[in-house]
Amino acid sequence: MRLGIIGCGNISETYFESQNLFNNFNVVACADINMEAAKKHAEKYNVKALSVDDILSNEEVDLIINLTIPSAHKEIIIKSLNAGKHCFSEKPLAMNFNEGIEISKLANEKKLYVGCAPDTFLGAAGQKARAIIEDNKIGNVVLGTFNLMSHGMEHWHPNPDFFFKPGAGPVFDVGVYYITQLINLIGPVKSISSISGTATPERTITSEPRNGEKIKVETPTTLMGTLEFHNNAKIQFFCSWDVWKHNHSTIELYGLNGSMVIPDPNFFSGDILISNKEEDWQVVNNDEMSLGIPNKTDNDDSKIANYRGIGLSEMIDSINNNRQARCSLELAIHVLEVMEGIIKSSEGKEIYNLITKPVQPNFLDDSEIEKLKK
Ligand SMILES: NC(=O)c1ccc[n+]([C@@H]2O[C@H](COP(=O)([O-])OP(=O)(O)OC[C@H]3O[C@@H](n4cnc5c(N)ncnc54)[C@H](O)[C@@H]3O)[C@@H](O)[C@H]2O)c1
């Protein structure tokens, strides 16, 4: 399939490079409201630099990858659908649940696919953890926790403003990985109870080139609470950009017969810990699975597995075979409703009951992945 990228910022390199990992797509053009950004990437990856309108009307483009900032996601997805093109978007799908419903109506009407990141839950750690739960190694999951805490994004991203506006914050920007992983592992969410806080009304950028500039905080920077899942599991969460250091693990699940610790769902691999009742932890390594083999070098020179693009490749395979994609619109809308529900529950100080209830995405076997890998 021939792809056009809209939004040539920080994450676009990862998507340009993903065409070297998977065999069913090629990027043929790119666009950005900032034409200089489009031209720079077009030159580096030997594709056409077009205006947003021209990429949407270009007949050589079958599918749009939407890598704009969250406040532009809905607009670009709707325009792609109206131009007769499928769309795969970076997360979050849109700014709120109503925008998600609007996208869903149009996608159904046009009979086109919309997929959404994150796709990291399709990685080795996510799929191995899923297999452990389905093999009943820890019994029915009844309780759990997830923790994501740091001191924000203003120290590394060159343009960190959007992280502190509605549509981002720790839940929409990072919690999205955790929530999607949990739905992959134990199914959809039923209800939410949460509280929120904002430690400081202003943040100071410490990254270059805008070092010293202030950002007004317009969305809560801490959210804490509980998600109740349809399988009755209760998962406590703590999402914050107001914490300098902590010692919690990322995701822990407690079953009737044992416990498991799951690595950071922002990554494709990482050791899983499992224990039976009171026994010692056992390490389950997944570095030899298809999406666990280290293929990139991280900032600290360690080798990591990074297969971003698998969700897009799997969606293209689903389009070709007329089945629902793993990173489906149905899943993305549910995740969006959960994220909005967390904010709404904290604002109204009441339990939020979800309307949506997607099916759990199917397990993704290594044999299926091998057919998509280059
Ligand atoms: N940076 C990361 O590491 C990372 C990782 C995972 C996901 N994401 C997600 O990817 C998306 C983009 O993030 P980023 O870090 O690349 O942001 P960025 O600010 O670096 O890049 C966004 C680009 O989109 C362009 N843009 C904005 N509005 C537009 C519009 N209406 N039409 C066309 N172009 C438009 C901007 O000019 C900019 O070049 C966000 O939704 C983010 O949550 C980013």
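**Close-up views of a predicted model**

**View 1. The end of helix α2.** Just after α2, N46 takes a positive phi of about 60°. Helices here are DSSP runs of H or I with at least four residues, strands are E runs of at least two, and both are numbered from the N terminus. This is a predicted model: local features need pLDDT of at least 70, side-chain atom pairs count only at pLDDT 80 or more, and totals for chains, interfaces and linings use all residues. Residues are numbered from 1 along each chain as its sequence is written. N46 is not a glycine. Its place is the loop between α2 and β3. N46 is exposed, with 8 other C-beta atoms within 10 Å.

View 2. Helix α2 spans residues 35–45, and its buried residues are A38, H41 and A42. They cover an arc of only 105° around the axis, which puts them on the same side of α2. The arc is taken from the directions from the helix axis to the C-beta atoms. On the other side, E36, E43 and K44 are exposed. The buried residues pack against α1 (12–18), β2 (26–31) and β3 (48–50). Contact requires C-beta atoms, placed from the backbone, within 7 Å.

View 3. K277 has a phi near 45°, a positive value in a residue other than glycine. The loop between β15 (272–276) and β16 (282–284) holds K277. K277 counts as exposed, with 11 C-beta neighbours inside 10 Å. Most residues other than glycine have a negative phi, and most peptide bonds are trans.

**View 4. Cis peptide bonds.** A cis bond joins A117 and P118, with omega about 5°. P118 lies in the loop between β6 and α6 (124–134). The bond from E208 to P209 is also cis, with omega near 10°. P209 sits in the loop between β9 (202–204) and β10 (214–216).

**View 5. The ligand shell.** The ligand is surrounded by 20 residues, and the closest are G7, G9, N10, A72 and E90. The shell divides into 10 nonpolar, 6 polar and 4 charged residues. Nonpolar covers Ala, Val, Leu, Ile, Met, Phe, Trp, Tyr, Cys and Pro; charged covers Asp, Glu, Lys and Arg; the others, Gly among them, are polar.

Note on methods:
Near = placed C-beta within 6 Å. Buried ≥ 20, exposed ≤ 12 C-beta atoms within 10 Å, placed from the backbone. Contact = placed C-beta atoms within 7 Å.
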